[in-house]
Amino acid sequence: MHLKWNLALALLAVLCLQRGHGSELHFNGGTGGEMGLRMAAHLAPNTPAKVQEAAALAVIRRVISERSSQLFQVQVDKRLALRSFQISKQDDGRILLVGWDGISVCKAFHHYLKYALDKDVDWFKMRIELPANLQLPNVTIESTSASAIIYHQNVCTWSYSFAWWGFEQWRRHLDWMALMGISLTIAPVQEAIWAEVYTEMGLSSEEIDAHLAGPAFQAWQRMGNIRGWAGPLKPEWRRLQLLLQQEILAAQRNLGMSVALPAFAGHVPRALKRLHPNATFMEVQRWNQFPDRYCCGLFVEPTEPLFNQIAESFLSRVVSTYGSNHIFFCDPFNELEPPVAKPEYMRSTAAAIYASMRGIDPQAVWLLQGWMFVKNPFWTTDMARAFLTAVPRGRILVLDLQSEQFPQYELTHSYFGQPFVWCMLHNFGGTLGMFGSAKLINSGIGAARRLPNSSMVGTGITPEGIGQNYVMYSLTLERGWSESPLDLESWFSHFAFTRYGVKDDRLEQAWLLLKDSVYSFRGLQKMRGQYVVTRRPSFNQEPFTWYNASEVLDAWHLLLSARAIIPLEDDRYDMYEHDLVDITRQFLQISADQLYINLRSAYRKRQVPRFEYLSGKLQQLMDDMELILASGRNFLLGNWLEQAKRAAPHDEDRRNFEFNARNQITAWGPDGQILDYACKQWSGLVRDYYAPRWSLFLEDVNVALHSQRPFNGTAFKQKVSQRIELPFGNKTDVYPVKPVGNTWLISQSIFETWKAYSKDTQFLHNNRLAVPRKLGPK
């Protein structure tokens, strides 16, 4: 950015800060970029510069060990432009990292790490080994983020990925967030506070227990979708979670990160009607067919006096417990139909909810997920306008939750002037499967900024679950910081270099093949990670791909061939093994889709020998998938289950915590209400859940073929539910938490086996759909 523009940004940031957190700030007027700068400065915590510097240096120390102070010097300087950093080499040989805040300093460190030292981090790898005789390259860099706000997290991530985390895991993730320049996030833990509020109002402990959902399902209880499922939530757990949230918040604010706190959306326990029989309550609609015991809580009309009474009691406790950055989040209608379909109702509802926030904090900003607008015919233009414009401009910040596929800012004319954050959602339920839209994201962020009257103020990542497709999140966050599009060819090549620590044509070509295949999605199909291997067997599935399977096979072969150039003792060999497991799993996933199409064809044509041959191949594929997953430390069911049991506050709670963990990734509800939504291609789950389902299905279909009668899909659903799906949640089998076997040898063996089947005439016999089709615009 030009020097004059940098100075202008710096003056604007300083002006906003001088106005203080207690004075009135006006966000109205100006471009989206100008509005974003005012908002970001307003939300920034008042953490002293020395505290932020110490916190940033501690992040660097945890990444590269105790040598950090010998190699780097850090400084927070508010004279810089907001969200900017400078890198230079000092006379003493150290690298000076100067940033607008602690987050900007950490972003500078990551930039130097990646582009000067050619090393990078990952969700699974936050330690970097530097050579003892390292000579620090001399570079001078100035950079200012094109996004005033960079956001991370989804309310669901706290259940799909963070449910069992202690502070040690959080510490690593917070370090990663800081390195990526993330400046805004959420702190959703609230159950202990609600228990206080409800107790004070007169509810019994039994009535509170009946409302609060289990530890793996709190995200949806908080949004009013369910109540009580997989509980009870013990007071000890509620207290431990509150203390953990406080510890997380302190670490975030020490770095200069802003954090949104929960507000009151109107959802309350059914028992509250007993205490307030004359208040106006609406019964929330049934969500995903949950039975009466676990659904249909009450919604207090926001215009009711009772709403303000509850909101004041709750929010005052939230602020006194957690402090405040003047930003609060709540979603009154997440996947729920509003009770009245009139613009006047939507306007009064939004105004009342915001007024409840402003009553506690006059400087409040409402952080709103835009998910409720996505593909929902209820939200006509008039309805959305009434809701969004009921709050002063700049006092709602909308997360456009899935901008890469279903951008709502286009349909709502930039949310009718309210600021929004362009977000990549990408993942649902924490499912696995290589997938992404690299080109679309690279172009889409810039296009949204350039829209006439755009109110875009930032970029973000909002996955429901992490731990997959890291490359897409790294790309999106880097593109969000950059004013200009990235050179994807160069970016992916360098990604391979920094990931493995060696520059090799085979590794680079492998990632370029993945860029142009699995990471080239441009369609409108709902991508939910539910592939043939992880879905309940039936003949109603329609698997598809948007790329040629041969490109994944070629990339896999290139990765295998590069093993010798990455030393086993190198600290980045773990990432190589992780990627080898993932690409092996991916090709088997594609092959299962192809096998399924051929199996269905054989069944419909009553080709019994062919069906039996293909059945054997699919069962072999399941065995191979289990084998390769078991060799990867990040693909083990045992880790998820053991973390859940360790998180239990008492030994007697371990059983219910394990049930929560098992149910979420399989049945997702008492009777499979959201079956396989959060499916995981993990060792243990493949062997004891997915493979037995397919074996039972293939056996039943084979019997039907031999007896010359139609396969009874309805009877199979009942059988597989009662024999495999629901019982899995109540089992107590112990699974390994350490990998088994040599990843490279297993992958190489599977590669030799399955590359041959691509030319098998029985495998592909008489079926045009066996080779995946390319869908969507080119």
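## The second largest cavity

The second largest cavity has a volume of about 200 Å³, where a cavity is a set of points, on a 1 Å grid over the protein atoms alone, at which a 1.4 Å probe fits but cannot get out, and a volume is the space filled by probe spheres set on the points, which are joined across faces, edges and corners. Its lining (residues with an atom within 4 Å of a point) is made of 23 residues, of which Gln468, Asn469, Tyr470, His578 and Asp582 are the closest to the centre.

Helix 18 (470-481), helix 19 (488-500), helix 20 (505-515) and helix 22 (573-604) each give two or more residues to this lining, helices being DSSP runs of H or I with at least four residues, numbered from the N terminus. Helix 22 provides the largest share, five residues. By type, the lining of the second largest cavity divides into 13 nonpolar, five polar and five charged residues, with Ala, Val, Leu, Ile, Met, Phe, Trp, Tyr, Cys and Pro counted as nonpolar, Asp, Glu, Lys and Arg as charged, and the others, Gly among them, as polar.

## Basis of the model

This is a predicted model, in which local features need pLDDT of at least 70 and side-chain atom pairs count only at pLDDT 80 or more, whereas totals for chains, interfaces and linings use all residues. Residues are numbered from 1 along each chain as its sequence is written, and side-chain values use heavy atoms, with hydrogens and water left out.

## The largest cavity

The structure holds 12 cavities of 30 Å³ or more, and the largest has a volume of about 270 Å³. Of the 20 residues that line the largest cavity, Gln190, Trp194, Arg222, Met223 and Ala263 are the closest to its centre.

At least two lining residues come from each of helix 8 (191-201) and helix 10 (218-222), and helix 10 gives the most, with three residues. The lining of the largest cavity consists of 12 nonpolar, six polar and two charged residues.

## Cysteines

One disulfide is found in a search of the whole structure, a disulfide being a pair of cysteine sulfur atoms within 2.5 Å. Cys295 and Cys296 form it, with their sulfur atoms 2.2 Å apart, and their link is left-handed, with -75° about the S-S bond. Both Cys295 and Cys296 are buried, that is, under 20% relative accessible area with a 1.4 Å probe and protein chains only.

Cys156 has its closest cysteine sulfur in Cys423, but the two sulfurs are 14 Å apart and therefore too far for a bond; Cys156 is buried, at a relative accessible area of 6%. Cys330 is in no disulfide, the nearest cysteine sulfur, that of Cys156, being 15 Å away, and Cys330 counts as buried at 4% relative accessibility.

Note on methods
On a 1 Å grid over the protein atoms alone, a cavity is a set of points where a 1.4 Å probe fits but cannot get out, and a pocket is an open set with protein on both sides within 12 Å along at least five of seven lines; lining residues have an atom within 4 Å of a point. Buried means under 20% relative accessible area, exposed over 50%, partly exposed in between (1.4 Å probe, protein chains only).
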